[in-house]
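The points below should be read with the sequence and the model at hand.

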Amino acid sequence: MTGSDPRTAPSAAPLTGSAAPCWVTLMTRDLRAAQRFYGGVLGWSFRPGKAGAEFSVARRGDIPVAGIFAVSTAYQVAVAWTPYFAVADADVAAARVRERSGTVAVGPLTLGKGRGVLAADRDGAAFGLWERTEPATSPPAPDGHAHAWLRLRTRDAFDAAIFYGEVLDWASGRPGCCDVAYEGEEVIVRCEGRPLARISSGAVEAAVDPLVRPHWQVQFPVEDLPVTVAEAVREGGTLVEERAVLDGREATLRDPDGALFTVTDVRGPGGPAS
């Protein structure tokens, strides 16, 4: 993992609040089972969401952390964690995805306080778009704390940065847009100077292993990695991979329904301050 000393690195971009660049959502088959698992492993509490009985918002204290949405087994939707990127106009952004050889699977659909789209980039990594249509009512994450950050493992980081930059207006010079920096062999995405995501090359689209195929990896920071991994296993999850990274360690886990996620004791997604 690239990055400077975590004691001096800028805090990660917030995922809540009216100006948040992103949000993360879990698609699962059993809402109650997912709440038990993530409540036990990550200490979250849950409140009903605005998108129906099968949607809830995970919280750490009073701060929203993630959305959990139960989908019927009749729908061909993968059980997975997915990032949703904020856009000004969901229709325009969805059209940009299609124009650049990406795929729009669902939407735009009205959901709660906004409109959502489920899409995939041209290498097959799934992501979402979110247009907020009502003001945010939840408090943003406090400075110096982030609930999650992102990593895109893709075929070619440079090509992926161009795709997402054109779809999401990254590095466009517009007020509030995220910046993109090429550092070493990775791309670092920063929003208002705070790191949001890393993009790295080397994924193989036809790979059997889901960790090798192009995908967005959602990473949750934890205080004690071994304790968190042990709790996940006790709650019915599976340890898929654990490895050392710069400034700490990270572990990829599979929840009881099959969704992959990563926990890490590293403070943020990395990259020296620009």
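This is a predicted model: local features need pLDDT of at least 70, side-chain atom pairs count only at pLDDT 80 or more; totals for chains, interfaces and linings use all residues.

1. Overall composition. The secondary structure of the chain consists of 4 helices and 16 strands.

2. Burial and contacts across the chain. The chain has 274 residues, of which 49% count as buried. When contacts between residues at least 6 apart in sequence are considered, 62% of them join residues at least 24 apart.

3. The buried face of helix 2. Helix 2 spans residues 90-99, and its buried residues are Ala 90, Ala 93, Ala 94, Arg 96 and Val 97. Viewed down the helix axis, these buried residues fall within an arc of 155°, so they line one face of helix 2. The cover over them includes strand 6 (103-111), strand 7 (114-120), strand 8 (126-132) and helix 3 (157-168).

4. The two ends of helix 2. At the start of the helix, a side-chain oxygen of Asp 89 comes to within 2.9 Å of the backbone nitrogen of Asp 91. Just after the helix, Ser 101 adopts a positive phi of about 70°.

5. The second largest pocket. This pocket has a volume of about 680 Å³. It is lined by 32 residues, and those closest to its centre are Ala 78, Ala 80, Trp 81, Ala 126 and His 215. Two or more lining residues come from each of strand 5 (80-86), strand 6, strand 7, strand 13 (215-221), strand 15 (248-254) and strand 16 (260-264). Strand 13 gives the most, with 4 residues.

6. Which classes of residue make up the lining of the second largest pocket? There are 20 nonpolar, 8 polar and 4 charged residues in that lining.

7. The setting of Arg 151. Is Arg 151 buried or exposed? Arg 151, which lies in strand 9 (residues 149-153), has a relative accessible area of 8%. The cut-off for a buried residue is under 20%, and Arg 151 is therefore buried.

8. The partners of Arg 151. The side chain of Arg 151 makes a polar contact with the side chain of Ser 200, at 3.0 Å. With neighbours within four places in sequence left aside, Arg 151 is in contact with Glu 186, Arg 198, Ser 200, His 215, Trp 216, Gln 217, Gln 219 and Arg 243. One of these partners, His 215, is also among the residues closest to the centre of the second largest pocket.

Conventions. Residues are numbered from 1 along each chain as its sequence is written. Side-chain values use heavy atoms; hydrogens and water are left out. Buried means under 20% relative accessible area, exposed over 50%, partly exposed in between (1.4 Å probe, protein chains only). The arc is that of the directions from the helix axis to the C-beta atoms. Contact means heavy atoms within 4.5 Å. A polar contact is a pair of N or O atoms within 3.5 Å; within protein, one must be able to donate a hydrogen and the other to accept it, and residues adjacent in sequence count only if both atoms are side-chain atoms. On a 1 Å grid over the protein atoms alone, a cavity is a set of points where a 1.4 Å probe fits but cannot get out, and a pocket is an open set with protein on both sides within 12 Å along at least five of seven lines; lining residues have an atom within 4 Å of a point. Grid points are joined across faces, edges and corners, and a volume is the space filled by probe spheres set on the points. Ala, Val, Leu, Ile, Met, Phe, Trp, Tyr, Cys and Pro count as nonpolar, Asp, Glu, Lys and Arg as charged, and the others, Gly among them, as polar.
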